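Please look over the sequence and the structure before reading on.

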Amino acid sequence: MIVVKVGGSAGIDYDAVCADIAARWAAGEKLILVHGGSGETNRIAEALGHPPKFVTSPSGYTSRFTDRETLEIFEMVYCGKMNKGIVERLQRLGVNAVGLSGLDGRIFEGRHKDSVRAVENGKVKVLRGDHTGTVEKVNTGLIELLLGAGYLPVLTPPASSYEGVAINVDGDRAAAALAVALKADALLLLSNVPGLLRAYPDEASLIPTIPAGDVESYLEFAQDRMKKKVLGAAEAVQGGVRRVIFGDARAGQPVSAALGGAGTVVS
Ligand code: ADP
């Protein structure tokens, strides 16, 4: 079983990702796809007059501040446009894909964090009304039901809080939790970069391998949102996933290339 997470940044070639997945699925490989949608969400939020607000925590992690209106825009894009766009591509390629969010069947569950500590103008502020959280529990029953019946699950945030409230969760870490829960052989984190770069944005500075026991020490190379990927990779390998690969989803056969060792391999 392979869990493939494809990001939501500009430049990702979803046709290439879906074609590669369809070919592997037809050859009998079991796969699950998790996707993001941040680039498109930002664009649509701007167009709707509710521009995105990003906050940086005192420890340096950047996240989207998700008030109720933002959550609704987020759902429109992630669960609507992005999810159905991917499901349609896979259906055209002959794969019976089913698109679900983490809310559906409570596939992804976690604690709702209503407030966030954010650094603004050098001062730490507490912002309330946030709909965010972290995936703590993956309910694999529905996923196994789908896979067992021959459907390819296409999953996306949001998750469900324990109270049933929709929460925005990081897709990379959700995919990592899923890979651990399903005892996946590999987790692929595909984005619009060749992998983890030692001197971002210099693509020649690709870090080809990271020892599984040492992932967190590579956090220093990751800026802003790349940090979540490195954290997700650490969580996955600590949870027993043997291989995590940061791969390039901009062209070619992104899944096969990553499984073949292109990108940054954590093992
Ligand atoms: P996605 O939405 O595709 O999952 P993110 O935008 O969340 O991806 O994270 C990937 C981005 O992280 C890259 O597009 C790049 O701009 C940024 N980044 C920061 N530091 C690094 C690094 N050291 N190596 C590679 N990318 C990095």
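Which residues line the second largest pocket? The model is a predicted one, and in it this lining is made up of Gly8, Ser9, Ala10, Tyr14, Gly39, Glu40, Arg43, Lys81, Met82, Gly85, Ile86 and Arg89. The volume of the second largest pocket is about 190 Å³. Sorted by class, its lining residues comprise four nonpolar, four polar and four charged ones. Two helices, helix 2 (38-47) and helix 3 (68-92), each contribute at least two residues to this lining. The largest share, five residues, is supplied by helix 3.

**The ligand site**

| Residue | Part of the residue | Distance to an oxygen atom of the ligand |
|---|---|---|
| Lys5 | polar side-chain atom | 3.2 Å |
| Arg225 | N or O atom in the side chain | 2.3 Å |

On its own, the ligand has 570 Å² of accessible area, of which the protein covers 92%. There are 19 residues around the ligand, and those that come nearest are Asn192, Leu197, Tyr200, Arg225 and Lys229. By class, the shell consists of eight nonpolar, eight polar and three charged residues.

**Aromatic pairs**

The structure contains two aromatic pairs. One of them is formed by Phe74 and Tyr78, whose rings are stacked, with 3.9 Å from centre to centre and 20 degrees between the planes. Because Phe74 and Tyr78 are four residues apart in helix 3, about one helical turn separates them. Helix 3 is also the element that gives five residues to the lining of the second largest pocket.

**Backbone features in the loops**

Most peptide bonds are trans, and most residues other than glycine have a negative phi.

Pro157 and Pro158 are joined by a cis peptide bond with an omega of about 10 degrees. Pro158 belongs to the loop between strand 8 (152-156) and strand 9 (159-161).

Another cis peptide bond runs from Tyr200 to Pro201, where omega is near 5 degrees. The loop that holds Pro201 lies between strand 11 (186-191) and strand 12 (209-210).

Arg106 is placed in the loop between strand 5 (97-101) and strand 6 (108-120).

Conventions. Residues are numbered from 1 along each chain as its sequence is written. This is a predicted model: local features need pLDDT of at least 70, side-chain atom pairs count only at pLDDT 80 or more; totals for chains, interfaces and linings use all residues. Side-chain values use heavy atoms; hydrogens and water are left out. A residue is near a molecule or strand if one of its heavy atoms lies within 4 Å of it. A polar contact is a pair of N or O atoms within 3.5 Å; within protein, one must be able to donate a hydrogen and the other to accept it, and residues adjacent in sequence count only if both atoms are side-chain atoms. Accessible areas come from the Shrake-Rupley method with a 1.4 Å probe; for residues, only the protein chains shown count as cover. Ala, Val, Leu, Ile, Met, Phe, Trp, Tyr, Cys and Pro count as nonpolar, Asp, Glu, Lys and Arg as charged, and the others, Gly among them, as polar. On a 1 Å grid over the protein atoms alone, a cavity is a set of points where a 1.4 Å probe fits but cannot get out, and a pocket is an open set with protein on both sides within 12 Å along at least five of seven lines; lining residues have an atom within 4 Å of a point. Grid points are joined across faces, edges and corners, and a volume is the space filled by probe spheres set on the points. Rings of Phe, Tyr and Trp (its six-membered ring) pair if their centres lie within 6.5 Å; planes under 30 degrees apart count as stacked, over 60 as edge-to-face and the rest as tilted.
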